[in-house]
Amino acid sequence: MEGWDPSTKSTLTQIPLLATKAGPRDGGAWTQRLKEEYKALIAYTQMNKSNDNDWFRISAANPEGTRWTGKCWYVHNLLKYEFDLQFDIPVTYPATAPEIELPQLDGKTQKMYRGGKICLTVHFKPLWAKNCPRFGIAHALCLGLAPWLAAEVPILVDSGMIKHKDDAPSSNES
């Protein structure tokens with residue numbers, strides 16, 4: 001954690017680490033892992049809200065907990081930019097990190113793969129591998145998606161690649 005800013009360190013140390021090394025194919029152990037994932041997500045969400053830094057909503061989209069959907073947002077120049085968020089838990093999870101997708105931004109930045117998957121290879125994947133199985137979904141959002149949004153959204157806005165919802169002309173303006 002050396003080289004990280006104090007805020008990131010503080011946030012990361014408050015997200016509970018996970019103990020169960022299980023993936024979607026591991027039956028009861030996966031159920032235990034999902035409970036740990038939810039506890040970490042709840043702790044991270046509560047911490048964000050208490051610090052007035054609420055920036056995502058996410059939940060499992062299926063009973064197995066292998067598909068997750070939600071919303072994330074980033075405030076730039078006092079305007080809130082909101083995006084759909086989704087990912088699947090890989091069968092090799094937790095050894096393999098989930099590939100976080102923002103489908104609305106597909107093709108708008110070079111820091112993204114086909115389908116709107118954000119690029120996390122250089123900085124995040126080695127960190128995930130080093131901390132497997134202790135890292136989970138909350139850690140992927142904190143150390144993967146949050147810095148990606150902070151780096152990319154201002155560039156996308158300033159270049160005109162994305163526009164605020166209030167900037168779109170309404171149908172009765174002609």
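## Asn48 and helix α2

Asn48 sits in helix α2, which covers residues 28-50. Helices here are DSSP runs of H or I with at least four residues, strands are runs of E with at least two, and both are numbered from the N terminus. Asn48 is buried, at a relative accessible area of 4%. Buried stands for under 20% relative accessible area, exposed for over 50%, and partly exposed for values in between (1.4 Å probe, protein chains only). With neighbours within four places in sequence left aside, Asn48 is in contact with Asn53, Asp54, Trp55 and Phe56; contact means heavy atoms within 4.5 Å.

This is a predicted model, in which local features need pLDDT of at least 70 and side-chain atom pairs count only at pLDDT 80 or more, while totals for chains, interfaces and linings use all residues. Residues are numbered from 1 along each chain as its sequence is written, and side-chain values use heavy atoms, with hydrogens and water left out.

## Overall fold

The protein chain has four helices and five strands, arranged along the sequence as α-α-β-β-β-β-β-α-α. Its C-alpha trace spans about 60 × 35 × 30 Å along the principal axes.

Of the 174 residues, 41% count as buried. Among contacts with a separation of 6 or more, 50% come from residues 24 or more positions apart.

## Surface and charge

The accessible surface of the protein chain is about 9700 Å², and 52% of it belongs to carbon and sulfur atoms. Areas come from the Shrake-Rupley method with a 1.4 Å probe; for residues, only the protein chains shown count as cover.

There are 20 positive and 19 negative side chains, and the centres of the two sets are 6 Å apart. Lys and Arg count as positive, Asp and Glu as negative, with His and the chain ends not counted. Each charge is placed at NZ of Lys, CZ of Arg, CG of Asp or CD of Glu.

## Cysteines

The disulfide count is zero, a disulfide being a pair of cysteine sulfur atoms within 2.5 Å. For Cys72, the closest cysteine sulfur is that of Cys142, 14 Å away and therefore too far for a bond. Cys72 is buried, with a relative accessible area of 0%. Cys142 also counts as buried, at 8% relative accessibility.

## Pro16

Pro16 lies in the loop between α1 (6-14) and α2. At 33% relative accessibility, Pro16 is partly exposed. Its C-alpha atom is separated by 7.3 Å from that of Ala43, 27 residues apart along the chain.

## Backbone exceptions

Most residues other than glycine have a negative phi, and most peptide bonds are trans. The peptide bond from Tyr93 to Pro94 is cis, with omega near 5 degrees; Pro94 is in the loop between β3 (79-88) and β4 (112-113). The bond from Cys132 to Pro133 is cis, with omega near 5 degrees, and Pro133 is in the loop between α3 (124-130) and α4 (137-158).

Asp52 has a positive phi, near 55 degrees. Asp52 belongs to the loop between α2 and β1 (56-60) and is exposed at 75% relative accessibility. Asn77 has a positive phi near 50 degrees. Asn77 is placed in the loop between β2 (67-76) and β3, and at 58% relative accessibility Asn77 is exposed.
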